[in-house]
Amino acid sequence: NDTDVWNDYTAELYIAIIKMYKRTERYSKALDLFEEMTKVERITPNTRAYTAILSACEKGEKWEEFLELFEEMKENPEIEVNSATYSTVMSAYMNKEQWEENVTALFEEMVRKGINVIDRYQAIISASTRRISTLTDIEECVGILKFFKNIPKANLNPTDTIEVSDERKNDTDVWNDYTAELYIAIIKMYKRTERYSKALDLFEE
């Protein structure tokens with residue numbers, strides 16, 4: 001109805017400002033605005049709104065608020081927790097100790113929710129490449145790569161196809177593309193830290 005449409009459009013404005021606060025590192029302001037949207041204006045947050053505020057909390061290291069909002073989002077049956085949201089949460093966990101256990105749990109949660117296999121891999125790849133872009137430690141980068149490669153691929157079907165950048169690709173080809181993205185991210189890290197021989201070795205691997 002008209003009211004729902006108006007709320008959706010108003011939410012988009014709030015989302016845009018929350019993203020601006022994140023970009024300008026005013027994370028408390030982002031939280032205040034989200035509360036104004038939901039508690040004062042009574043606008044029901046959608047998936048995009050939750051993902052935006054979670055991303056701001058992750059960037060601002062507001063871990064307690066991050067976890068509360070993620071649980072609140074999951075408990076709302078009208079809100080879809082999609083692959084973009086899971087990627088944001090995975091990225092946040094990768095900044096913490098024992099991240100492998102937590103990211104694996106999120107991946108398994110995506111399986112239970114029926115999120116398709118390609119979107120599950122995309123979520124991990126997006127989180128992993130963001131994390132690698134901030135690192136200079138070789139072992140940590142290689143650890144992320146090994147973690148991804150060890151994820152069970154039982155649900156990949158070489159005969160299934162999916163639309164990717166206007167092309168039809170099978171699951172295995174898409175998985176290979178995503179694995180290549182991790183290698184590319186680490187090669188860029190080697191370039192950034194002037195370890196050019198390491199970059200060549202990794203490309204050969």
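**View 1. Packing of helices H3 and H4 in the predicted model.** Helix H3 (residues 47-59) and helix H4 (residues 63-75) have axes that come within 9 Å and cross at roughly 165°. Angles over 145 degrees count as roughly antiparallel, and H3 and H4 are therefore roughly antiparallel to each other. The crossing in which H3 passes H4 is left-handed.

**View 2. Residues in contact between H3 and H4.** From H3, the residues Thr47, Tyr50, Thr51, Ile53, Leu54, Cys57 and Glu58 take part. Their counterparts in H4 are Glu65, Phe66, Leu69, Phe70, Glu72 and Met73.

**View 3. The cluster of Trp63, Phe66 and Tyr93.** Ring pairs join Trp63, Phe66 and Tyr93 into a cluster. Phe66 is also among the H4 residues that meet H3. Over the face of Trp63 lies Lys96, at 4.8 Å from the ring centre.

**View 4. The aromatic pair Tyr121 and Phe148.** The count of aromatic pairs in the model comes to 7. In the pair of Tyr121 and Phe148, the ring centres are 5.7 Å apart and the planes stand at 75°, so the pair is edge-to-face; the assignment requires planes over 60 degrees apart. Tyr121 belongs to helix H7 (residues 117-132) and Phe148 to helix H8 (residues 138-149), and the pair links distant parts of the chain, 27 residues apart. Tyr121 and Phe148 are both buried.

How values were computed. Residues are numbered from 1 along each chain as its sequence is written. This is a predicted model: local features need pLDDT of at least 70, side-chain atom pairs count only at pLDDT 80 or more; totals for chains, interfaces and linings use all residues. Side-chain values use heavy atoms; hydrogens and water are left out. Rings of Phe, Tyr and Trp (its six-membered ring) pair if their centres lie within 6.5 Å; planes under 30 degrees apart count as stacked, over 60 as edge-to-face and the rest as tilted. Helices (H or I, at least four residues) and strands (E, at least two) are DSSP runs, numbered from the N terminus. Buried means under 20% relative accessible area, exposed over 50%, partly exposed in between (1.4 Å probe, protein chains only). A charge sits over a ring if NZ of Lys or CZ of Arg is within 6 Å of the ring centre and within 35 degrees of the ring normal. Axes are lines fitted to C-alpha atoms, for helices over the stretch in contact, and angles run from 0 to 180 degrees between N-to-C directions. Angles under 35 degrees count as roughly parallel, over 145 as roughly antiparallel, 65 to 115 as roughly perpendicular and the rest as oblique. A crossing is left-handed if the near helix is turned anticlockwise from the far one by less than a right angle, and right-handed if clockwise. Contact means heavy atoms within 4.5 Å.
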